[in-house]
Every structure is written in C-alpha cells, then in structure tokens.
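Hi,

Here's the structure I promised to pass on.

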Amino acid sequence: MAISDVAAYAHLTDDEVEQIGRELDALRREVEESRGAKDAAYINRVIRTQRWMAAAGRIGMIAAAPLDKKARRPLQAMSMVSLGLAKILENMEIGHNVMHGQWDWMNDPEIHSSTWEWDTGQPAEQWKHSHNYIHHQFTNVLGYDNDIGYGVLRMAREQQWHPVNLGQPVYNALLAALFQWGVALHDLDLEAIRKGTKDPKEMKRQLRQIVHKGRNQILKDYVLYPALTGPRWKETMAANAGANLMRNFWAYLIIFCGHFPDGALHFTEEELENETRAEWYLRQIYGTANSEGGPLRHIMSGNLGYQIEHHLYPDLPSNRYAKIAPRVRALCEKYDIPYTTGPLHRQYGQVLRVIMKLSLPNRMTSDDKPPTDTHVEVAHGRRADEQRQSRRRELGGWSGAGRASA
C-alpha cells in the first residue's frame, strides 16, 4: 500500500532524516566541485561513438542494396544492429541525460539542455515537462506522477480497477514495442482530453509539436533512408523498424525495471505536505530500484542501472553514478534504509507479475508490497499543473514549497 509519511515509515527521527539530507547534499557538492575535463571528454567520446555507429548502420544498408541475397542479408542485419545500438545510446546516455542538464556546466551550446533535440517521437520541450518536472518532482506519487503506468497500465493497487485493465498483457506488449510513441503522447494527458478538462489551446499546441516531430521521424526512417537504397527500400525500411524496435524495448525495459520491481514503493499526496529536501531524498530512495550489470551495460542504459543515484542527483553527470553508488548504499545501510537492487531479468519478472496481477481486481490477488497503515483509492488520470503543489520547473536536485533542509 502507498506511504503517506516516508520518514515515519522508515522509523527515522527528524534529526536522522535531516542528517541524511546533509550527507547527500555534501556528496552533491563534492561531485559538482570536481566536474572537469575528464567528464567533458567522456560525453564527447560517447557522442562521437554514437554518431559513428549510426553512420555505419545507415551506410551499411546503402552498401548492402546492390549485393546478392547471400551477401546482402548479413550486412543488413549488422547494419540494423549498429543503428539500433546507436539509437539506444542516443536516447539513453546522451539525449535523456543532456536534457536533464547534466552537461550544462560545460557551457557548450551543442550539448546543452536548452538546445538538444533527441532522436525519438516526443518533442524535447514536452519531455522536459513530463519527465524533468512531473516525474522527478512527484516521483511515484499517486495521482501526480503519470509515469506510474504511463496512462495505459494499472501499476498500483490503489489505482481504481476497470474491466479495461483485463487487457494489460496486450497493452504492455504494445507499449514495449511502440515505446517512443507512447512517450510521445505522454505529456498530452489523454485522460484529461477524454474528460474534456484539457486546455484546448495547449492541446492543439502540443499536438502540432508531436505531429511535426513524429512526421520528421517517420520521413527519416521510413522514407528518406529507404529511398537511398533503391529497389531494396522495403528491406531497408524493415531494418530501420528493427532498429527502432530494439531501442523501444530496451528503453521500456530499463525504465520499468527502475520503478516497478519489488521494493519500489508508491506514495500518497499527503507525503508532499511541507516535504523537506531530506524527505524528498528519502522518497527517491524508496521509490526507485537499481539493476546490476557491467560498465558497458550501464552506459547503454543511460547509467539508469543506478536509478536511485539518478533520482537523487538527476542533473549530475551520469558517468559519476557508478562512483557514488557505493557511498549512497553505505549511507542507506547506516540508517537501515532499503537499497533496492538486483539482476535485470529478475526485476523484469517482478514487473511482469505486477502487470498481470493488477489486470485483475484487488480482491482476486494478494499484495506483494510491504504493509502500511495507509489505504487510499486513486481515480484514473493525473492532476494538472495548477492542481499540483508548487514546484520549480527545472531541476536542481530538489525543489519545493516546503521547508528547506538545514
């Protein structure tokens, strides 16, 4: 069940909560003060690598076109994989993190959150609102954070059940395969449109942005580049679709495993009342989960295998998460705070179990989450910005209208 007071749930005193906040603030300052040439070299190297991989994939498909079938198919397959990996790298380690402002300190206009437009269906402006602002400020708060199921899936027992939820296994498969388009519609708030509460002018403005961005993505992947391969355009189109499918499923997998496995908890709006910086930190730790893997897997995941560290410090360089993770974990052990982590395959199994179970009414299934004293039921949809508690729109690690940490 959802938590309405995370400090009380964690059995921490006020002094302990504030001390945790001070220690996490100190860690933030340490990273901020040590950013430099090595970090800049890292992100520039990743961007160069991604661009070479994308070029290799595109050129490989063109080069494969005039070859006979025996030689063409392996080259097309390798080119598809290269392009798919390039799309993953651009979305996860580059686009996602650049738009969080992780590299704004470099003052490089080409690698800045205000100018970057990523290779996916959602316009950057809308993503920064739905993700940087809503998701990271109201992480896992029922009725506030639309990342809880992306407006498609029922992912918490407190969310009202409806017969339409019986189709969750199908919706989940479609969301995984078409993830970039699910994300593209994310900031629109389809439930508000259905209820007639969405501002018509804002809806039209957002739709124009989405149509423009989506059109460009479709033209690039399914018209322009296939046309360059002449009679083999259908095979090139299929290879581009395969690359997009790779990127879509991988992004979906990493994001869902960072927010919905066992140990990642949900919260009620009461938790937001006068929330301090230290309490915000606690909510990020309790509401997210890490996943285990080697350095290359973490880079291809946007370093979101360190989801806890990312939510504590969303605007710090992602290449630093691996170094600070042991210190965050040690702090959690010091105060007996759960630090949820595990193999990716096990976590996805837990996510699938949640999706399947919550397709049914609560009375037909048991609860896998730790018990709390809070029992609420949340209606479909999310609050509009004017209905939310005041939060600053751009991240600085935390922001809110409540008390500041000492």
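Let's start with Arg73: at 40% relative accessibility it is partly exposed, meaning between the cut-offs for buried (under 20% relative accessible area) and exposed (over 50%), with a 1.4 Å probe and protein chains only. Its side chain meets that of Glu235 in a salt bridge, 3.6 Å from N to O; the term stands for a side-chain nitrogen of Lys or Arg within 4 Å of a carboxyl oxygen of Asp or Glu. Because Glu235 lies in helix α10 and Arg73 in helix α4, the pair ties together parts that are 162 residues apart in sequence. Helices here are DSSP runs (H or I, at least four residues), numbered from the N terminus.

Before you dig in: this is a predicted model, where local features need pLDDT of at least 70 and side-chain atom pairs count only at pLDDT 80 or more, while totals for chains, interfaces and linings use all residues. Residues are numbered from 1 along each chain as its sequence is written, and side-chain values use heavy atoms, leaving out hydrogens and water.

The salt-bridge count comes to 18. Arg28 has two partners worth a look. One is Glu32, with the closest N and O atoms 2.9 Å apart; both sit in helix α2 (residues 14-34), four residues apart, so about one helical turn separates them. The other is Asp315, at 2.8 Å from N to O. Asp315 lies in the loop between α13 and α14 (321-334), so this pair ties together parts 287 residues apart in sequence. Asp315 and Arg28 are both buried, whereas Glu32 is partly exposed at 30%.

Cheers

Technical notes. Helix = DSSP H or I, 4+ residues; strand = E, 2+ residues; numbered from the N terminus.
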